[in-house]
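Here are my notes from a look through this one, as promised. Keep the picture open while you read and find each residue as it comes up.

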Amino acid sequence: MPKMIFVNLPVRDLTASTAFYVALGGTVNPQFSGETSTSLMFSDTIFVMLLTHAHYGEFTKRPIADAHASSPLLLALSADSKDEVDAIVNRAAAAGGAADPNPAQDLGFMYNRHVEDLDGYVWEIMWMDPSAMGSASEAE
């Protein structure tokens, strides 16, 4: 079984945040969604769990960080082309996010832009030329 990643994010407005993450490219999994959480699938191995603050608080005793005031993390999501990077950022911004809170980069072999969600979490949407990545065997 391949490794999976589950990103758990506390959100203030579950409905609005769900719309943002659907625009970012996620598909709602109703099996693990309800009044206090939304499960979104980005691939067979990447999931984002949106949790109301009260529900998130059931899993930690630490205070919830204000991502608008600090940078607790930077998440990256790949796209298949430069045009897809732009389309994803534009859709997510139209769903309430903020496009380009960090400068875009175009290095030729790699292109990225950023979008900030409603709670201040920043997602880097990036494309990289597959030929520039090499193969796994080259890294060994």
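Predicted model: local features only at pLDDT ≥ 70, side-chain atom pairs only at ≥ 80, totals over all residues.

1. Start with two helices. Two packed helices are described by the angle between their axes and the distance between the axes. Here, helix H1 (residues 14-24) packs on helix H3 (residues 82-94) at about 165 degrees, and the axes are 8 Å apart. Angles over 145 degrees count as roughly antiparallel, and H1 and H3 are therefore roughly antiparallel to each other. The crossing of H1 past H3 is right-handed.

2. Which residues in H1 and H3 meet? On the H1 side look for Phe-20, Ala-23 and Leu-24; on the H3 side, for Ile-88, Arg-91 and Ala-92. Sorted by type, the residues of this contact are five nonpolar, one charged and no polar.

3. Now zoom out to the largest nonpolar core, which has 25 residues. Tyr-21, Leu-24, Trp-123 and Ile-125 have the most contacts inside it. Both helices of point 2 are among the elements that give two or more residues to this core, and so are strands E1 (5-11), E4 (46-52), E5 (74-78), E8 (110-116) and E9 (122-128). As background, nonpolar side chains in soluble globular proteins tend to be buried together.

4. Is Leu-24 buried or exposed? Its relative accessible area is 1%, and buried means under 20%, so Leu-24 is buried. Leaving out residues up to four places away in sequence, Leu-24 touches Phe-42, Leu-77, Ile-88, Ala-92, Val-115, Trp-123 and Ile-125.

5. Leu-24 and Ile-125 are 101 residues apart along the chain, yet their C-alpha atoms are separated by 9.3 Å. With residues up to four places away again not counted, Ile-125 touches, among others, Leu-77, Val-85, Ile-88, Tyr-111 and Val-115.

6. Next, a loop residue. Asn-29 is in the loop between strand E2 (27-28) and strand E3 (37-41). With a relative accessible area of 13%, Asn-29 is buried. Beyond its neighbours within four places in sequence, Asn-29 is in contact with Ser-39 and Met-41.

7. Most residues other than glycine have a negative phi. Asp-100 is not a glycine, but has a positive phi of about 55 degrees. This residue is partly exposed, at 32% relative accessible area.

Note on methods
Residues numbered from 1 in each chain as written. Heavy atoms only, no water. Axes fitted to C-alpha atoms, helices over the stretch in contact; angles between N-to-C directions. Helix = DSSP H or I, 4+ residues; strand = E, 2+ residues; numbered from the N terminus. Parallel < 35°, antiparallel > 145°, perpendicular 65-115°, else oblique. Left-handed = near helix turned anticlockwise from the far one by under 90°. Contact = heavy atoms within 4.5 Å. Nonpolar A, V, L, I, M, F, W, Y, C, P; charged D, E, K, R; others polar. Buried < 20%, exposed > 50% of the residue type's maximum accessible area, 1.4 Å probe, protein only. Core = buried A, V, L, I, M, F, W, Y, C linked by side-chain atoms within 4.5 Å.
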